[in-house]
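This note sets out some points on the model shown below.

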Amino acid sequence: MNVNYNDHYHPLLLKQVPSGARAARAAGGGPWYRQVDVREVRLPEARYDFISCIASLHHMPFDSVLTLRKALAPGGVLAVLGLYPIRSAADAVWAFPAMSLLKVNRLLSRRHSAPSVQIPMVWPPPLTYAETRRESARLLPGSTLRRLLFWRYLLVYRAQ
């Protein structure tokens, strides 16, 4: 059984949506969402109240956040659920609970003949957590970065 750890963090991302955020409206009047490659499309400046990236930023140059920052309306929020590799002692300490949960799951799965959780192979994140912290402080002043379980982080930037 494959588990998508990103799904676990969707409620946390939704908590970052600013109150009063306006949804763009489609022709039928319902909310309108865009899924685009920010490296290939020109986003309108100061337009969006909320932009999220879910396990995608590590697939592009980190400075792509500048394009997203410019697209935020005043008071808008950029929320990034990102991944980092385990390369430091602090990374290993944070990875321990997740690895322990996976081990317990595998043991229980064998006992009950249920399929065990498999970690899917993913694109390796190029920036360490520390590098992500430095780059986000440089490119998104005032942003916050928080470690999460399962090699994830939450980066939140609020446009002034």
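1. In what follows, Ala, Val, Leu, Ile, Met, Phe, Trp, Tyr, Cys and Pro count as nonpolar, Asp, Glu, Lys and Arg as charged, and the others, Gly among them, as polar. On that basis the lining of the largest pocket comprises 18 nonpolar, four polar and four charged residues. The model is a predicted one.

2. The largest pocket holds about 960 Å³ of space. Helix 2 (10-14) and strand 3 (48-54) are the elements giving two or more residues to its lining, and strand 3 contributes the most, with seven. Of the 26 lining residues, Tyr33, Arg34, Phe50, Ile51 and Ser52 lie nearest the centre of the pocket.

3. The largest nonpolar core has 23 residues, and Leu78 and Tyr153 touch the most other members. Two or more residues come from each of strand 3, helix 3 (65-71), strand 4 (72-83), helix 5 (129-139) and strand 6 (152-158). Leaving aside residues up to four places away in sequence, Leu78 touches Ile51, Cys53, Val65, Leu68, Leu72, Leu140, Leu155, Val156 and Tyr157.

4. Another core, of 14 residues, lies apart from the largest one; Leu12, Leu13, Val77 and Leu154 are among its members.

5. The chain has five helices and six strands, in the order α-α-β-β-β-α-β-α-α-β-β from the N terminus. Of contacts between residues at least 6 apart in sequence, 71% join residues at least 24 apart.

6. Of the 160 residues in the chain, 38% are buried. The accessible surface is about 9900 Å², with 57% belonging to carbon and sulfur atoms.

Technical notes. Residues numbered from 1 in each chain as written. Predicted model: local features only at pLDDT ≥ 70, side-chain atom pairs only at ≥ 80, totals over all residues. Heavy atoms only, no water. 1 Å grid on protein atoms, 1.4 Å probe; cavity = no way out; pocket = protein on both sides within 12 Å on 5 of 7 lines; lining within 4 Å. Points joined across faces, edges and corners; volume = space filled by probe spheres on them. Helix = DSSP H or I, 4+ residues; strand = E, 2+ residues; numbered from the N terminus. Core = buried A, V, L, I, M, F, W, Y, C linked by side-chain atoms within 4.5 Å. Buried < 20%, exposed > 50% of the residue type's maximum accessible area, 1.4 Å probe, protein only. Contact = heavy atoms within 4.5 Å. Areas by Shrake-Rupley, 256 points an atom, 1.4 Å probe, with all protein chains shown as cover.
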